[in-house]
Amino acid sequence: MSHAFIRESDDQWLDQIPPTLNALIVYISKENNGIRASEKRNYKDESTGKTVHVMSNGLSYSINEEGKWFMLD
């Protein structure tokens, strides 16, 4: 049986991608079947002091203290 179409390395979790906006855009685009994602806006959360990125997929993301991306509720 051929495993030519199975690449385990393609599966990444959000917290495994580099903490850059470009990496987030590439990740979201892959998760949305290649539909290009973009940042709609960003702002600084006053309670945490962290930058929040509101993306075209309708979700918001930020980087935690460990330098990893996470999705906000």
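**Entry 1: the core.** A note to myself before I start: a nonpolar core is a set of buried Ala, Val, Leu, Ile, Met, Phe, Trp, Tyr and Cys residues joined through side-chain atoms within 4.5 Å. I also keep in mind that this is a predicted model. Which residues make up the largest nonpolar core? I found 10 residues in all: Leu14, Ile17, Leu24, Ile25, Tyr27, Ile28, Ala37, Met55, Tyr61 and Trp69. Helix H1, residues 21-31, gives the largest share of this core, with four residues.

**Entry 2: the outline.** I stepped back to see the whole protein chain. The chain has 73 residues, and 25% of them count as buried. I looked up the surface too: the chain exposes about 5700 Å², with carbon and sulfur atoms supplying 50% of it.

**Entry 3: the sheet.** In what order do the four strands of the open sheet lie? I read S1-S2-S3-S4, with antiparallel pairing. Strand S1 (39-44) and strand S4 (69-71) are the edge strands, and each pairs on one side only. On average, neighbouring strands of this sheet are turned by 30° against each other, direction ignored.

I then looked at one pair. Strand S2, residues 51-55, and strand S3, residues 60-63, pair in the antiparallel sense over two bridges. For Val54, the bridge partner in S3 is Ser60. Helix H1 lies across S1, S2, S3 and S4, and runs at about 30° to S2.

**Entry 4: Tyr61.** I came back to Tyr61, one of the core residues. What does Tyr61 touch, leaving out residues up to four places away in sequence? My list has Leu14, Leu24, Ile28, Thr51, Val52, His53, Met55, Trp69, Phe70, Met71 and Leu72.

**Entry 5: Pro18.** Pro18 lies in the segment before H1. Why do I call Pro18 partly exposed? Its relative accessible area is 46%, and partly exposed covers the range between under 20% (buried) and over 50% (exposed). Not counting residues up to four places away in sequence, Pro18 touches Ala23 and Trp69. I also checked Pro18 against Ile63: they are 45 residues apart in sequence and 10.0 Å apart in space, C-alpha to C-alpha.

**Entry 6: reach along the chain.** Last, I looked at contacts between residues at least 6 apart in sequence, and 25% of these join residues at least 24 apart.

Conventions: Residues are numbered from 1 along each chain as its sequence is written. This is a predicted model: local features need pLDDT of at least 70, side-chain atom pairs count only at pLDDT 80 or more; totals for chains, interfaces and linings use all residues. Side-chain values use heavy atoms; hydrogens and water are left out. Buried means under 20% relative accessible area, exposed over 50%, partly exposed in between (1.4 Å probe, protein chains only). Contact means heavy atoms within 4.5 Å. Two strands pair if DSSP finds at least two bridges between them. Axes are lines fitted to C-alpha atoms, for helices over the stretch in contact, and angles run from 0 to 180 degrees between N-to-C directions. Accessible areas come from the Shrake-Rupley method with a 1.4 Å probe; for residues, only the protein chains shown count as cover.
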